[in-house]
Amino acid sequence: MKSNIFSPLPINDHTCGWTQALVAREPKPALMGEYTADFVVIGAGYTGLSAARKFAELNPNAHIIIIDAQRAGEGASARNSGYLVDSTLNDGHMSDTGLQQYREKYALNKAGVDCVEQLVNEHKIDCDWDASGKFHATAVPAHEAKLQRFSQLLGELDLEHRVLDGAQLNERLGTSYYTQALWTAGGVMLQPAKLARAYIDLLPDNVTLYENSPMLTWKKQGTDFLVSTPLGQVKAPHMLLAVNGFMASAKVKRKRAFPLTLTASMTRPLSDAEYASIGSPKAWGLLSAQAMGATVRLTQDRRIMVRNTAEVWPKMNMSAQQLEKRKRLHLRGLKRRFAQLSDDLFDSCWSGITCISGNNGQVFDQLDSKLLVAGCYNGGGIGLATLFGEQMAYRASGQMTDTMAMIEARPKPNALPVQPLLSFGVRLRLIRDGIIARKEN
């Protein structure tokens, strides 16, 4: 069988604020030489790490190899905004517009939250867990109707929430920028890099992790899969591609999933005086009611994170100069909300890859009897990635679960236009949404 060449390879910047806040970790060795395993996992993010851990627990005599192109847990898993969510804002432009469809989507998201919470509690994981819910907010009165529709939907599902006006938000968030917000219970804020680091630490002894070992090619060779890296090879009868936004690079699901590049900036911890100037609020996380509007967080250690950019970026990664340009956009968003803060607060800016589909569907597939692929979480990666990874381990072990049945009952990603029409269309959509959300950034 012809080899599938993996291209382009992941190349992350080293300026992610979540990772920089942690003590540096000594990386595992790169893959060197030829190895055999019972299960090989490509990608050491939430999905791959969860799959390797669970497969090892289910098959204690098996040998599992997991490889990552760079450092494990420092790709998209450590670069997101740290939202673990069950309910998601739905205004009718995506799938799941009906009550029953939304109920099913909520049930799956809730299963993801529960999966992560069980791990955190069982292993006493320190990830700055904050189960205080989340806000969906707008700074434009014309967009408030969207929040009212969302409130009605949540009420029909009997999900705890409440609508807050501008004065209430000013007291809770420390900014008068927003006119209205909808708070939902069930949302969790956490430090994503801490959680990813913990997933690495939880790997059992029968799992071997190799870092800085990009997969160059993979192919089926008889009944086995053969994975080649710059310095080695792995042969295994079962393989999981857990590369999320790089599925097209791995030559799978190229017409079903699409990567977007996001950038964010984070401040240093606010001083006592700076913190007092914004009202000394408790930590919070806020999502815009409008697509392409800014995502903003105040963390437990008084840092403010701003993300208000999403782009089609073929090279996937950004240079320092390109990140500096995005940081200026983040600073504008920060100053709109907190004009009293100084212009030099940001001490990190980074990019990351998210994976989307045309209809909000996720990838959870068995491409042949022993080739598995999971990803495309449409912004809900912490919970769904952990859940999908564990369920892929059950599938690779020949077991069926109720959760797996729930996943498979969800809509599959629909077919996307061919390139370059796809990239052109996504760019146009982002431009349109950006114009509508210009006052939300």
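Lys335 is partly exposed, with a relative accessible area of 24%; here buried stands for under 20% relative accessible area, exposed for over 50% and partly exposed for in between, using a 1.4 Å probe and protein chains only. Its salt-bridge partner is Asp343, with the closest N and O atoms 3.1 Å apart, and Asp343 counts as exposed at 52%. This is a predicted model, where local features need pLDDT of at least 70, side-chain atom pairs count only at pLDDT 80 or more, and totals for chains, interfaces and linings use all residues. Residues are numbered from 1 along each chain as its sequence is written, and side-chain values use heavy atoms, with hydrogens and water left out.

**Salt bridges**
- The structure holds 20 salt bridges, each a side-chain nitrogen of Lys or Arg within 4 Å of a carboxyl oxygen of Asp or Glu.
- Arg326 and Glu311 meet in one of them, at 2.7 Å from N to O.
- Arg326 lies in helix 9 (residues 320-337) and Glu311 in strand 18 (residues 304-311), so this pair ties together parts that are 15 residues apart in sequence. Helices (H or I, at least four residues) and strands (E, at least two) are DSSP runs, numbered from the N terminus.
- Both ends count as buried: Arg326 has 8% relative accessibility and Glu311 has 18%.
- Arg268 bridges to Glu274, with 2.9 Å between the closest N and O atoms; Arg268 is partly exposed at 29%, whereas Glu274 is buried at 15%.

**Aromatic pairs**
- Rings of Phe, Tyr and Trp (its six-membered ring) pair if their centres lie within 6.5 Å; planes under 30 degrees apart count as stacked, over 60 as edge-to-face and the rest as tilted.
- By this rule there are seven aromatic pairs.
- Trp218 and Phe225 have ring centres 6.4 Å apart and planes at 50 degrees, so they make a tilted pair. Trp218 and Phe225 are both buried.
- Tyr377 and Phe388 are edge-to-face, because their planes stand at 80 degrees, with the centres 5.4 Å apart.
- Tyr377 sits in the loop between strand 21 (371-375) and helix 10 (381-396), and Phe388 in helix 10, so the pair links parts 11 residues apart in sequence.
- Tyr377 is buried at 6% relative accessible area, and Phe388 is buried at 0%.
- Phe364, Tyr377 and Phe388 form one aromatic cluster.

**Charges over rings**
- A charge sits over a ring if NZ of Lys or CZ of Arg is within 6 Å of the ring centre and within 35 degrees of the ring normal.
- Arg162 lies over the face of Trp183, 4.5 Å from the ring centre.
- The charged end of Arg53 sits over the ring of Tyr199, at 5.7 Å from its centre.
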